[in-house]
Structure formats: C-alpha cells, structure tokens
Amino acid sequence: MRLTDHIHQSLSNLWKKKLRTFLTTAGVVIGIGALFSMLAFGKGMQKNITDRFARFDLFRYVVVFGPSEAPRNPRRHRIDRRSPITAPPLDDARLAEIAQIPGVQTVVPEIRFPALIRRNGNERFTLVQALPPEIVTTGLVVFRAGAPYTHDDPNAVIISESLIDDLDFADPQDALGKPLTVATLTVDAGSLLNPLNITGALAGDTLPFAQKEYVFTIVGVAERMDVGMVGPLRSDVFVTPEASRRMKKIALTNIRDLFKSPAAAQSYPAAGIRLTSADKLESVKAVVESWGYRTFALADEIEEIETAFILMDMFLLAIGMIAIVVACLGIVNTMVMATLERYREIGIMKAVGARDSDVRMIFFFESGAIGFLGGLFGVVLGWLTSLFINEIVNAILVSKGVPPTKYFTFPLWLWLASIAFAILVSLVAGLYPAIRAAKTDPIKALRHD
Amino acid sequence: MNQTAAEPLIDIRDLTRVYPAAVPVRALDGLTLAVSEGMFLGVSGSSGSGKSTLLNILGGLDTPTGGSVTVAGRRISDLGPDELALYRRKQVGMVFQSFNLIGAYTALENVALPLLFAGVGRAERNRRAAEALRAVGLEARRTHRPAELSGGEQQRVAIARALINNPKVLLADEPTGNLDTATSAQILQTLADLNAAGLTVIMISHEEPLLRQFAHAVIRLRDGRIVEHETIRTVP
C-alpha cells in the first residue's frame, strides 16, 4: 500500500466512527495538553530565572568575601572546606589591587549599616547599602519609577519596590520626590558622661547608643531583586557612598563585627567585582583566590541550577504522563474494538491479497492518526489553557503590585516534540491491536457473521 | 519453475489437510487432481466432504499438511505467508457464497480493494475498478454500498473484484447459494462467459445439474477424496 493510501484509509476509517474517534482523541488532547502546559510552565520558570540573571548581567559578577564573611556552607558554594581562611582584611588597598587585575572593570566594597527608615509613622528596620552611581547605571538596578542618582546628589535614596506597601505609598510613582527619614545608630557620647549611665553600660544593662536622623529624597524605586547573594545588591535601600560617609553611624551588619580588631574594622566584609566580560571569570577568581580570599560566582552554580530545572521538568512530566497513560488505555480499547468489529473485513482484505504487514500498518496508521490529531489539538489546548492561566495569575498578582510576567514559554521544539510524543505513545498503544489484527486467520474471519 | 504447454495449470498431488483436534479432522485425504488452462471445473459433494478446504488451499488462504499444489508452474504449498498474499493478489480471484464485500465501502471501492494492496495509485485504481464494474453491468451502481445492492448485484461486484487483477484462475465457492434461480442463472452465465474468454474456473456447488450445464468436468468429493470424476465436454 502507498503512504497516501494508508493516510487516506486511516482517516476514512476513523471518520466512519466519529463519536468513538472524537472521545478517544479527546483523551489524547487532554493528556498532551496537560503535558504541554506543564513543560511550558517549567520552561517558562527556567527562562524567567535565566533571563533575570542575564538581564542583570549577573554572570559578570564575582563576590569576594573578607575573612569573616566566607559563606557558611562550603559545599553549596563549591569552596574547598580544607583551605584555611588566611586572607588579609579586605580594605581599600586590597580593593585597589583587585581593581588592577586584568578583566576587572569595577570593584564595589560592600558598605551596609543598620538603620530605621520612617515615613508617616511607618517604621522599618533595614540595612542601608552604599552603592556607587556607576553600579546603579550598569543596568543592575531596574527602575519601576524614577532614575539613578549621581555623586552630586547626596540626599538621594533609591528604595526597593518591596518597601512601597510598608512605607504607605500607593505605587512606585507615588514615592518619587517624597522624603524618607533614615535613622542610624550612633554612640551616645552624652550619656557616657553621666556616671550612672557609665555604670549601667559597664554592667551591660544599658547600651550607650542613640539615633541620628537624616532626611533623604526618594529618586528611584527599583524592581525587587531576589538574587542579592550573587551581585552587589544586598539591601532594599541604597544611598551614594558620599551620603554614607557623611552619616554618623555604627556600621555593624553582624554582632561578630564588634569583635573585630581595629585593623579589621577598617575593612569590608565583602566586595562585588564586575568583570569586563563573563569569560574573565576564571582568571580573576584564580588571582583573588590565590590571595586567600573566597569567592562566589553565579556561573559556578549553573550546573546545580540546571539539575534543579531538569528535576522540575521530570516532576511535571511525571504528572503529565498520568494523563497520557489514561489516554493510551483509551486508544488500546478503541483499536481492540476496531479489530473485533472489522474482523470479517480483515479476512476480506487478506483474501484479496493483503499481507499481514498491510493489515498491521492499517491499524498502526489509525492509532498514529489519533495520536497526530490528539497531539495537534492537544498543544493548541495546552497553549490556550496556559495563556488563560497566565492571565488569571497576572490579574491576581498585579493587584498585589507584582509586575506581569510570562509564566509559560512555548519554544518551537516543545510544540513539535509534544506532537511527536503523542504519535509515538499512540503507536505504542496501537501495537497490540495491530499485531492482533495482522494475525487474523482469513478463513475464520470470512466465516464470521 | 515455469509452466510448459504439456503441464496442467493446476497440479494437485496427494493433497492432505488435517485439522488438529482431540480427534484430528482429515478434511482432505490424498487428493490428486489436474486442471488444464481454460477449464470450467465443477466440484460437488455433501457438507464436510472437503470442497471448501480444497478451494481455500487453491486460493492460498489455507496450507496443506501433506502433498503438493502447483499453480501455473509454482508450488504454492511451499509458499510463506507473504508469498501467499502475493499469490492471492495476482494469480487467483475468489468469489464466495456470502459475497464478502466490505459494507462501509462503495461498489467501486470494493472492486478496487485488491489494487489498493498492490500499490496501484488512486486514479488508476478507480479507472480499472470502473471498467470492471462496466464489464459486469454495474457501472451505474459504482457509488452504492453493498446494502443498497441486490444479492445478484453484490455477487457481480464480487466477481468484478475477483477479476480486477486479471487472475489465471477464478475460484467460486457456492456463488449462487444465496441467490434465487433467475439470478443464479445470470451469475453462472457470467462465469461461463468468463471461462469462454479463456479464464480457468473452479466452482463449488451443491446443485450438480447447474454445474453440468456449464462445466467441462465435475468432480464429486466424499471424506476428502474424489469419488467421481466426470468429463462432460472437452476443453476447447
């Protein structure tokens, strides 16, 4: 038989049993639709995260940790746990040396200090970060509203959109130009002059601290960034280094900082290195690590991230496969019924010269056609369902201030692979009925009523 | 092996067919027969005498358990399943008592069915099937399904289907069994005309007078053996 005849024959036979064909195909449509949607969701999540990394250029950053700031989990951060922390303090001199390493574009020390931010009676504790305008303008900070500050703008502050609700703003645009009070912690020299207070302080009953308030103007609202560990953004309130320098404050980010030696107290807990290009990563890391520092780069985590995505895909695939298995049982049932109903017809075909393989292929093509149609309509159903779910989720989340996102991705290979998979599983499901039909004894079949 | 002028078209020697059962059934028991080209052979006998088994083996639907069958110089008793399918497709045409047409197909599609498996293109299939229907006087009924045709018309469609591949032998198993007398006569006349045109016909029937009317020879079977071989007229 010719290929075109097989196709015509299979579609013609399926058309003769419209309702049964529709119901069986509907099973495949639902199965493939579910599978397609789930994989599109997995790929969408993967794309969102990797796009985010790429958008923020995070593959071009290396974080170098000072002696007391090395990550606590060496295995997770691929650091040799046997190597001792022998690094010298990460001070300005060392940062200047790092900046000279070929491939380094900028080195940004991590300067963070505890503060209370206040507005209209709302108050929140945070760590304010001094972030140079050069880094703000690299694209690392994505603005929901406003614009980057400059070195000439010492009273400017950029806040994260995560603070919009806490500070009682209607939306990011509403925050622009509004004052924000930043209260730092300082040593209360006046209280130490009072002998009663000295006694209390020495006993540890009272702490000789006071607050110093500074009023800033909000010039920008940045997109929430949940990848702070990777890049230089490790806060939700940013001021210029100049503003940071003029503020009286105790720059403690950790209670351990109180135990630092005077020399170490002049150093930074960490610094972000921005590379000239991502391919300089290994060479820069090698130099920095040879000085005894520990580093962290997102690129080192890619393998683990990919493994996580594969596991997620497998999980979603497994859920989708349940629907596919049910659809397969439907195909087996339909095709077995077809072989029984067309028992005599099979005998006639053999009597006029059909080979076993011809009969087998007739039933194979029919199950394959069910798979093809089911796959074709299944991906369309999955696509429409995904778009609908995306709209619903966005409608809910946008009302909560989350920007609209495409949670599903539909690469071409996913469309083609889903249809191919539908055909494949349908052929597998049609295997037994086709073999059974091919083995029909024509003499018995011709006698059958 | 090719057939020579001296050899019969069909050469059956010591043909045996035993069906396995608790008590094995010996449907054919050492049957030997030669059928020359252009012959109209009638086969009669009571139920269970082995007539249909003989026809099924000649038609390549069944295989013997002993002996040999040679058709047109080819020993079909030794053929495998695929070769037998090709033999059924090209060398023989079969007509059955119950017509055995596919109910969902039109007359044209039923007639074209052997060509479908022969890999003939759709346009050529339809052309040849229409021609075959015209030959049996049913060109106007080409789009009708079997249920819309009379018994005689269905049998003529079946004959057209059997002839579509220009076989060497036409095997007819009680082709008039489900037909009234007048229609039976028409069908037999059609077979006789085909035989007159040179086609070898082997036909089973309970009605010996009917066979005698058209056949060159009639054999009578009993218990899988030929008990009587009567030559009625010579093959031209």
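The model is predicted, so local features need pLDDT of at least 70, side-chain atom pairs count only at pLDDT 80 or more, and totals for chains, interfaces and linings use all residues. Residues are numbered from 1 along each chain as its sequence is written, with chains lettered from A in the order in which they are written.

**Exercise 1.** Find where A:M312 lies, and decide whether A:M312 is buried, exposed or partly exposed.

*Solution.* Start with the element: A:M312 is in helix α11 (residues 302-341) of chain A. Helices here are DSSP runs (H or I, at least four residues), numbered from the N terminus. Next, recall the cut-offs: buried takes 20 or more other C-beta atoms within 10 Å of the residue's own, exposed 12 or fewer, and partly exposed is in between, with C-beta atoms placed from the backbone. A:M312 has 16, so it is partly exposed.

**Exercise 2.** Work out which element of chain A gives the most residues to the side that touches chain B.

*Solution.* Contact means that the C-beta atoms of two residues, placed from the backbone, lie within 7 Å. The contact takes 17 residues from chain A and 20 residues from chain B. On the chain A side, α1, α12, α13 and α15 each give two or more residues. Of these, α12(A) gives the most, with 4 residues.

**Exercise 3.** Explain why the buried residues of α2(B) line one face of the helix.

*Solution.* First list them: B:L84, B:A85, B:R88 and B:R89 are buried in α2 (residues 81-90) of chain B. Seen down the helix axis, these buried residues fall within an arc of 140 degrees, so they line one face. The arc is that of the directions from the helix axis to the C-beta atoms. Finally, see what they pack against: α12 of chain A, together with β6 (92-96) and α3 (107-117) of chain B.
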